[in-house]
Amino acid sequence: MRTSARAMATGVTVAAIATSLVIGNPLTANAAGYPSDDAKPDLISLLSGYDSFWKSSGSNDLHGTVVSGATLAQNDELTSWINQNATKAQQFTALQDSEYKNDPTGYDQSSTVGQGLGDALEKIYLQGRQSGALPLTEALINSNTGTTGAYVSTGAAKTHFSYPRPYLPTDPAATLPAGDDQASCNPATVNASSLAGNRTGKAWADAKGNLTITRVPVQTDTTHEFSPSDVVLDAGYGTKGICQGGSYPSGHTTTAYQAGITLATLVPELAPEILARASENGNDRIVLGVHYPLDIMGGRMDGEAALAARWSDTQFRTQVLEPARAELTKYLEAQCGNTLANCIAAEKPYQNDPYGGKAMPGGTAQVVTDRASAVEVYRERMDYGFAKTGATGLAPSVPTGAENLLLSTFPTLTDAQRTAVLAQTEIASGDPLDQSGTANGSWERLDLAAATSATVHVAADGSVKVVATGGTAKVVSGVLTAPNGTTVRAGSQLALAATGLTAGATYQVVLHSDPTVVGTLTADATGAATGSVTVPAGTTAGAHTVDLVDATGASALVDPLAITVTAAPVTGTGTTPGTTTAPTGIHLPVVSG
């Protein structure tokens with residue numbers, strides 16, 4: 001295996017780093033001092049749904065018994081397809097996402113997940129990390145040493161489940177490629193022979209049951225996007241840590257989601273895009289052929305539970321997370337030279353096309369172009385279209401503490417309200433790894449991308465309803481009506497009445513679809529407002545909407561008010577504005593409706 005010069009210079013080899021991470025031992029222990037330091041989630045219990053598909057020998061030798069051949073076959077099919085159909089560009093990104101260097105010029109997944117910030121803010125974020133301008137953020141998110149970035153270890157879980165990786169030969173008589181560790185990765189003992197019966201004869205395996213997987217060759221990253229140095233990228237197929245390390249759950253994916261959810265909670269304005277990029281990090285392990293979709297699903301669950309534990313720790317939240325968030329927001333705005341909202345609006349958002357437009361089996365091409373598609377792709381990668389294996393139609397099952405992952409997105413909501421948001425955005429029950437109804441709750445069903453992009457209506461009794469996802473996260477309570485009717489002539493006045501607004505707040509009244517501010521409404525002490533606005537005379541006849549926008553530019557309404565604008569009278573025809581001509585020639589007053 002090739003090792004970069006800078007890694008050797010620091011005495012930390014790529015192989016040592018890879019072994020440490022796939023076995024699950026962080027290179028540097030987190031500093032003690034917070035309640036959550038000693039209250040980490042039990043990953044074996046959290047991931048125990050895997051026992052329904054595979055029972056290991058108990059000897060950590062990658063051998064065992066197939067319990068559900070159908071689920072593991074679908075796992076194989078998806079893995080082979082993703083590995084075989086990823087574009088060259090995606091293969092390179094996958095190698096970048098596999099990189100772990102614990103030295104000043106290196107990078108890891110806490111760096112690559114930064115692409116979710118968008119093209120401009122990513123550069124600022126990486127500059128801050130590399131220059132030392134973001135010490136609190138660095139100490140938190142670093143994938144090797146961070147207090148959230150390296151919080152949980154997958155070592156015990158990998159040992160417990162001990163499932164062979166996709167690229168390992170099913171045939172014990174197979175010949176290893178040159179350059180592999182011939183002793184540590186010898187197919188006579190390090191193989192997937194327990195899966196031979198489930199793979200032989202399948203379209204995604206050869207005659208001896210070896211899964212169709214192509215290794216992605218070693219490449220050198222000369223882009224300097226994540227590091228000022230050239231970096232040799234190697235998936236590590238032939239190293240002991242990879243070939244002998246169990247596949248389930250994915251340690252890299254666990255780390256990616258620890259970094260991704262950390263960054264998403266620090267910059268909630270871009271949480272859906274950051275989470276989608278974290279899902280790409282996980283999916284890239286399949287691109288390389290070193291993990292399966294079930295491994296990625298398990299890694300996501302690990303990251304969710306880990307960050308929920310940290311955000312649920314009041315001391316850690318107030319002393320570590322919130323100061324890091326303040327530091328990062330201040331730095332991004334200072335370097336961008338504007339408010340975060342304006343910086344986001346001016347940049348190119350995170351985008352991805354992993355398979356060159358080809359749709360994967362049972363799914364889509366997973367193309368990300370904007371927030372809505374980022375949310376959709378994240379959702380698809382939550383279960384990869386697996387056939388249901390558990391009970392369907394079960395009630396929501398939000399794990400305790402998960403609501404705290406929405407603290408920075410919805411700071412004005414209560415714990416119960418945030419739990420309700422998660423309950424209304426989670427996916428249906430019955431997927432592999434779902435633990436609905438158990439003491440753990442279902443981390444598998446938790447759709448953070450949907451939840452962090454939700455429009456939430458809060459009723460007078462405090463109950464909440466998610467009315468939309470895939471947009472800007474916001475809490476709304478306002479309802480706008482037109483007391484005299486929703487049909488109005490261009491150039492005439494439209495009477496409005498609103499309830500559920502913030503007491504004393506002034507809102508702009510915006511006419512769409514070409515946004516035009518046509519007036520203001522100010523709420524009284526009860527949150528109600530009334531008034532009239534004039535619809536511009538040049539407004540095109542037809543369907544329009546009226547919105548109320550607060551000082552931050554966010555809508556205050558559950559739904560914009562739909563109105564119909566009729567044409568203003570044609571001048572020079574003898575009619576007077578505001579009247580219509582009856583057949584007898586008598587002028588009748590027009591009542592704006």
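Start by selecting cysteine 185 and cysteine 243, which are joined by a disulfide with an S to S distance of 2.2 Å. A disulfide here is a pair of cysteine sulfur atoms within 2.5 Å, and the structure holds two of them. This is a predicted model, where local features need pLDDT of at least 70, side-chain atom pairs count only at pLDDT 80 or more, and totals for chains, interfaces and linings use all residues. Residues are numbered from 1 along each chain as its sequence is written, and side-chain values use heavy atoms, with hydrogens and water left out.

Stay with the cysteines for a moment. The torsion about the S-S bond of cysteine 185 and cysteine 243 is about -85 degrees, so the disulfide is left-handed. The pair links distant parts of the chain, 58 residues apart: cysteine 185 is in the loop between helix H9 (155-161) and helix H10 (196-199), while cysteine 243 is in helix H11 (residues 240-243). The labels come from DSSP runs, numbered from the N terminus: helices (H or I) have at least four residues and strands (E) at least two.

**Next stop: helix H12 and its partners**

Select helix H12 (residues 251-266) and helix H13 (residues 271-287). Their axes come within 9 Å and cross at roughly 170 degrees. Axes are lines fitted to C-alpha atoms, for helices over the stretch in contact, and angles run from 0 to 180 degrees between N-to-C directions. H12 is therefore roughly antiparallel to H13. (Angles under 35 degrees count as roughly parallel, over 145 as roughly antiparallel, 65 to 115 as roughly perpendicular and the rest as oblique.)

Now show side chains. On the H12 side, the residues that meet H13 include His252, Tyr257 and Ile261; on the H13 side, look for Ile274, Leu275 and Arg285, among others. Contact means heavy atoms within 4.5 Å. The residues of this contact divide into nine nonpolar, six polar and one charged. In this count, Ala, Val, Leu, Ile, Met, Phe, Trp, Tyr, Cys and Pro are nonpolar, Asp, Glu, Lys and Arg are charged, and the others, Gly among them, are polar.

Leu263, Thr265 and Leu266 in H12 meet Leu321, Ala324, Arg325, Leu328 and Thr329 in H15. By class, the contact of H12 with H15 has five nonpolar, two polar and one charged residues.

**On to the strands**

Select E6, E5 and E7, which form an open sheet in the order E6-E5-E7, with mixed pairing. Two strands pair if DSSP finds at least two bridges between them. The edges are strand E6 (464-468) and strand E7 (474-476), each pairing on one side only. From one strand to the next, the twist averages 30 degrees. Strand E5 (residues 455-458) runs antiparallel to E6, and four bridges join them; zoom in on valine 458, which stands opposite valine 464 in E6.

Another open sheet of three strands has the order E8-E10-E13, with antiparallel pairing. Strand E8 (479-481) and strand E13 (529-534) stand at its edges with a single partner strand each, so one side of each is left without a neighbour in the sheet. The twist averages 25 degrees from one strand to the next. Strand E10 (residues 493-499) pairs with E13 over six bridges, and glutamine 493 has threonine 534 in E13 as its bridge partner.

**Last stop: strand E11**

Finish by selecting strand E11 (residues 506-512), joined by six bridges to the antiparallel strand E12 (residues 516-522). A hairpin of three residues connects E11 to E12. Look for valine 510 with its bridge partner valine 517, and tyrosine 507 with leucine 521. Five bridges also join E11 to strand E14 (residues 542-549), again antiparallel, where histidine 512 has threonine 545 as its bridge partner.
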